[in-house]
Amino acid sequence: MNAGIIGIGRFVPEKIVTNLDLEKRMDTSDEWIRTRTGIEERRIAEDNMDTSELGFQAALKAMENANVQPEEIDMVLVATVTPDQQFPSVACMLQERLGLRKVAAMDLSAACAGFMYGMVTAKQFIETGAYKNVLIVGVEKLSKVTDWEDRNTAVLFGDGAGAVVMGPVSEGKGVLSFELGSDGSGGKYLYQDTHIRMNGREVYKFAVRQMGESSINVLEKAGLGKEDVDFLIPHQANIRIMEAARQRLELPIEKMSKTVHKYGNTSAASIPISIVEEVEAGKIKDGDLIVMVGFGGGLTWGAIAMRW
Ligand code: ACO
């Protein structure tokens with residue numbers, strides 16, 4: 001039995017903060033942010049909209065899109081590093097708010113690679129036959145841990161949510177291969193004390209190397225080559241990092257998802273948000289081979305090759 005995506009949904013807050021808005025708050029410029037990161041604007045949630053609310057909205061859409069009823073969901077996984085509180089988990093909050101049965105629910109902490117970790121976890125339960133439908137939500141309210149005095153990080157992040165329902169799909173479709181990894185020795189380069197702290201150069205070097213390598217690795221594991229790839233969905237952190245991955249796969253520019261200009265880095269939410277936007281734009285079609293790849297604090301990484 002293969003596990004694949006059977007429904008998708010996204011939600012972003014309404015409030016747009018542009019680079020020009022940030023120019024007024026700190027010593028930065030639209031030009032610097034655009035050329036170094038590709039980011040033009042990001043969404044920021046109001047104070048009364050926490051992570052669980054963002055995730056709830058995306059999850060509702062994914063369940064509707066999958067055409068599954070609340071009682072058909074067997075497990076909830078929420079990838080986030082910005083939960084409403086340490087516990088109860090956002091996953092438990094969603095179990096109640098979505099009216100699910102008293103199913104397994106847990107948050108998963110793997111920073112920007114969290115959604116890849118969530119999908120791979122769901123795949124195990126589905127392919128063993130233990131569970132049928134698993135809801136996976138990637139959601140962050142990074143604005144609440146952003147140091148708005150630190151221009152090195154404040155310009156990079158945004159809030160948002162993406163969700164998928166995974167379930168059994170026909171032979172040859174769904175997740176074909178995956179790679180997950182971690183390197184705790186790099187934890188010092190990207191972490192949260194009260195706020196996000198980052199050594200941008202070190203994270204950049206790691207990301208460029210790892211995104212390319214993991215993309216190639218999942219293709220090899222699936223017995224496929226670069227030429228088989230129809231679409232690349234890299235974690236949307238920085239256009240230059242994404243470009244490096246695209247070039248490693250020798251893909252034309254139109255075969256890579258780009259949403260970073262609109263939303264900035266939304267951590268665990270960036271890949272599922274991109275999936276929804278590309279499917280809605282008609283860029284991901286039935287039967288396409290998709291490579292998804294993410295990296296983040298931990299350090300962590302994860303990649304999936306999937307037949308849509
Ligand atoms: N506006 C203006 N100048 C700035 C800004 C800003 N917002 N931020 C930093 N600078 C300055 C610095 O002070 C520094 O100046 P100095 O040289 O006088 O000290 C200079 O710009 C930094 O230049 P570079 O280091 O050459 O900048 P770089 O090209 O490396 O870009 C960036 C920096 C965008 C942070 C890049 O390193 C990067 O994207 N790194 C990866 C970050 C990332 O993806 N993090 C998220 C990981 S995912 C997760 O888990 C959340």
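Good morning. The model is predicted: local features need pLDDT of at least 70, side-chain atom pairs count only at pLDDT 80 or more, and totals for chains, interfaces and linings use all residues. Residues are numbered from 1 along each chain as its sequence is written.

I begin with the helices. Helices (DSSP runs of H or I, at least four residues) and strands (runs of E, at least two) are numbered from the N terminus. The axes of α3 (residues 51-66) and α4 (residues 90-97) come within 10 Å, crossing at roughly 50 degrees. Axes here are lines fitted to C-alpha atoms, for helices over the stretch in contact, and angles run from 0 to 180 degrees between N-to-C directions. The contact joins T51, S52, G55, F56 and A59 of α3 to V90, M93, L94 and R97 of α4; residues are in contact if their C-beta atoms, placed from the backbone, lie within 7 Å.

I turn now to the sheet. Four strands form an open sheet in the order β8-β13-β12-β11, with mixed pairing; two strands pair if DSSP finds at least two bridges between them. Because β8 (174-182) and β11 (231-234) stand at the edges with a single partner strand each, one side of each has no neighbour in the sheet. From one strand to the next, the twist averages 10 degrees. Strand β11 pairs with β12 (residues 289-296) in the parallel sense over four bridges, and L232 stands opposite V291 in β12. Helix α10 (residues 270-280) packs on the sheet and touches β11 and β12. The direction of α10 makes about 145 degrees with that of β11.

Notes
Two residues are in contact if their C-beta atoms, placed from the backbone, lie within 7 Å.
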